[in-house]
Amino acid sequence: METNSQYLESIKKQFLYYKTLGEKAMEQLEPDQLFISVNEDTNSIATIVKHLSGNMLSRWTDFFTTDGEKEWRNRDGEFTETITTKEELFEAWNKGWDCFFNAINELTSDQLSTIIYIRNEGHTVIEAINRQLAHYPYHIGQIVFYAKMLKHSEWNSLSIPKNKSNDYNADKFSKEKSIRNFTDDELNKLK
């Protein structure tokens, strides 16, 4: 398989992994916990979701032909509390991710070096994807951390549970070496 095709398959798995992490963290909370903001300088999980969705819709709608910072985007408005239910939160979440995955799934390997623009700055498609591969997990990490703090009962670990690293490694090293993406096993554990 050519490198560009491998890259596309790898990033699809990476983004799906982080999407799933965010979902599994939010699903562990009571609906009202999704809207808690501990002070004026922090965002609730709902606000973070609204921002992620707004970013995805802006960046990936018609991204070959229009700037990734759409005129219709209201980025500042993404940081105001307008989502009021868990259903609205997941609707916004899925709308953004659907837009993103539809764009990524339609990409061909020969389009990865095409120049697209975000705020009038040219990026190759690879650079634009990598930019978001840093941005989206950054916010999903915030969601996971916040969810762990807000959870009133036992947290269901989304990675290697505390004091289980040796067991995890023993399982990994008990298998034959193979070429695979780490997300293959991790996504199965999160299901």
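Guide: Welcome! Two rings of Phe, Tyr or Trp count as a pair if their centres lie within 6.5 Å, taking the six-membered ring of Trp. Please keep in mind that this is a predicted model.

Visitor: Which residues do ring pairs link into a cluster?

Guide: The cluster is made of Phe15, Trp60, Phe63, Phe64, Trp93, Trp97, Phe100, Phe101 and Tyr136. A search of the whole structure finds 13 aromatic pairs.

Visitor: What makes Trp60 and Phe100 an aromatic pair, and what kind of pair is it?

Guide: A pair of aromatic rings is described by the distance of the centres and the angle of the planes. For Trp60 and Phe100, the centres are 5.4 Å apart and the planes stand at 80°. The distance is within 6.5 Å and the angle is over 60 degrees, so the pair is called edge-to-face. Trp60 belongs to helix H2 and Phe100 to helix H3 (residues 86–106), so the pair, 40 residues apart, links distant parts of the chain.

Visitor: Are Trp60 and Phe100 buried or exposed?

Guide: Both Trp60 and Phe100 are buried.

Visitor: How do you know whether Gln132 is buried or exposed?

Guide: The relative accessibility of Gln132 is 2%. That is under the 20% limit, so Gln132 counts as buried too. Gln132 is found in helix H4. Not counting residues up to four places away in sequence, Gln132 touches Phe15, Asn55, Arg59, Trp60 and Pro137. Between the C-alpha atoms of Gln132 and Thr80, 52 residues apart along the chain, the separation is 22 Å.

Visitor: What makes H3 roughly parallel or antiparallel to H4?

Guide: The axes of H3 and H4 come within 14 Å and cross at roughly 155°. This angle is also over 145 degrees, which means H3 is roughly antiparallel to H4. The crossing of H3 and H4 is left-handed. Here Trp93, Trp97, Phe100 and Ile104 in H3 meet Ile129, Tyr136, Ile140 and Ile143 in H4. By class, this contact has eight nonpolar, no polar and no charged residues.

Visitor: How do you know whether H1 is roughly parallel or antiparallel to H4?

Guide: H1 and H4 pack at an angle of about 20°, with their axes 9 Å apart. Angles under 35 degrees count as roughly parallel, so H1 is roughly parallel to H4. H1 passes H4 in a left-handed crossing. The residues of H1 that meet H4 include Tyr7, Ile11, Phe15 and Tyr18. On the H4 side they include Ile129, Gln132, Leu133 and Tyr136. By class, the contact of H1 with H4 has 16 nonpolar, five polar and one charged residues.

Conventions. Residues are numbered from 1 along each chain as its sequence is written. This is a predicted model: local features need pLDDT of at least 70, side-chain atom pairs count only at pLDDT 80 or more; totals for chains, interfaces and linings use all residues. Side-chain values use heavy atoms; hydrogens and water are left out. Rings of Phe, Tyr and Trp (its six-membered ring) pair if their centres lie within 6.5 Å; planes under 30 degrees apart count as stacked, over 60 as edge-to-face and the rest as tilted. Helices (H or I, at least four residues) and strands (E, at least two) are DSSP runs, numbered from the N terminus. Buried means under 20% relative accessible area, exposed over 50%, partly exposed in between (1.4 Å probe, protein chains only). Contact means heavy atoms within 4.5 Å. Axes are lines fitted to C-alpha atoms, for helices over the stretch in contact, and angles run from 0 to 180 degrees between N-to-C directions. Angles under 35 degrees count as roughly parallel, over 145 as roughly antiparallel, 65 to 115 as roughly perpendicular and the rest as oblique. A crossing is left-handed if the near helix is turned anticlockwise from the far one by less than a right angle, and right-handed if clockwise. Ala, Val, Leu, Ile, Met, Phe, Trp, Tyr, Cys and Pro count as nonpolar, Asp, Glu, Lys and Arg as charged, and the others, Gly among them, as polar.
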